[in-house]
Amino acid sequence: MEISWRDFEKVDLRVGTIVEAKDFPAARKPAYQLLVDFGDTIGLRKSSAQITALYKQEDLIGRQVIAVINFPKKQIGKFMSECLVTGVADEDGNIVLATVERKVPNGTKLIY
């Protein structure tokens, strides 16, 4: 399905740094609860991410990721997800996080 450029421009993709990663035992599929820092203007946002197959919690801290920050909040059990951390599936279906090649300020907007 094609979308217009105008539709794509509505998606707010930002870089943030994972500052916390906790187990999410209530999730239907194995997942972590992430806390992502998007800088002073946007602040901290929570996200649920099904990335347990390739990432250990301690390895996620300090990692910069690309996330959609303007989706509505989503209730996942008792957890409220406030952004969507992006990634792609590898050949086995495991999620590989979408990241930046070099460190940039938290909150930096993806330019298209």
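User: Is Leu-34 buried or exposed?

Analyst: Leu-34 counts as buried, at 2% relative accessibility. Buried means a relative accessible area under 20%, exposed means over 50%, and partly exposed lies in between (1.4 Å probe, protein chains only). This is a predicted model, in which local features need pLDDT of at least 70 and side-chain atom pairs count only at pLDDT 80 or more, while totals for chains, interfaces and linings use all residues. Residues are numbered from 1 along each chain as its sequence is written, and side-chain values use heavy atoms, with hydrogens and water left out.

User: Where does Leu-34 lie, and what is it in contact with?

Analyst: Leu-34 lies in strand β2. Strands (E, at least two residues) and helices (H or I, at least four) are DSSP runs, numbered from the N terminus. A contact means heavy atoms within 4.5 Å.

User: How do I read a nonpolar core, and which residues have the most contacts inside the largest one?

Analyst: In soluble globular proteins, nonpolar side chains tend to be buried together. A nonpolar core is a set of buried Ala, Val, Leu, Ile, Met, Phe, Trp, Tyr and Cys residues joined through side-chain atoms within 4.5 Å. Here the largest nonpolar core has 17 residues, and those with the most contacts inside it are Leu-34, Val-36, Phe-38, Ile-51, Leu-60, Val-85 and Leu-97. Two or more residues of this core come from each of β1 (13–23), β2 (32–37) and β4 (64–68). The most, three residues, come from β2. As for Val-36, its contacts beyond four places in sequence are Gly-16, Thr-17, Ile-18, Gly-43, Leu-44, Arg-45, Val-65 and Val-85.

User: How do I read a pocket, and how much space lies in the largest one?

Analyst: A pocket is an open set of points on a 1 Å grid over the protein atoms alone, where a 1.4 Å probe fits and protein lies on both sides within 12 Å along at least five of seven lines; lining residues have an atom within 4 Å of a point. Grid points are joined across faces, edges and corners, and the volume is the space filled by probe spheres set on the points. In this model the largest pocket holds about 490 Å³ of space. Its lining has 20 residues, of which Ser-48, Gln-50, Lys-74, Ile-76 and Leu-84 are the closest to its centre. The elements giving two or more residues to the lining are β3 (44–49), β5 (74–76), β7 (84–85) and β9 (95–97). The largest share, three residues, is from β3.

User: How do I read a salt bridge, and how many does the structure hold?

Analyst: Side chains of opposite charge can pair when their charged atoms come close. A salt bridge is a side-chain nitrogen of Lys or Arg within 4 Å of a carboxyl oxygen of Asp or Glu. The structure holds five salt bridges. One of them joins the side chains of Asp-12 and Lys-109 (3.9 Å, N to O). Asp-12 lies in the loop between α1 (5–9) and β1 and Lys-109 in the segment after β9, so this pair ties together parts that are 97 residues apart in sequence. Asp-12 is buried, at 13%, whereas Lys-109 is partly exposed, at 37%.

User: Where is Ile-95, and how far apart are Ile-95 and Gln-50?

Analyst: Ile-95 is in strand β9 and is partly exposed, at 29%. Ile-95 and Gln-50 are 45 residues apart in sequence and 7.1 Å apart in space, C-alpha to C-alpha.
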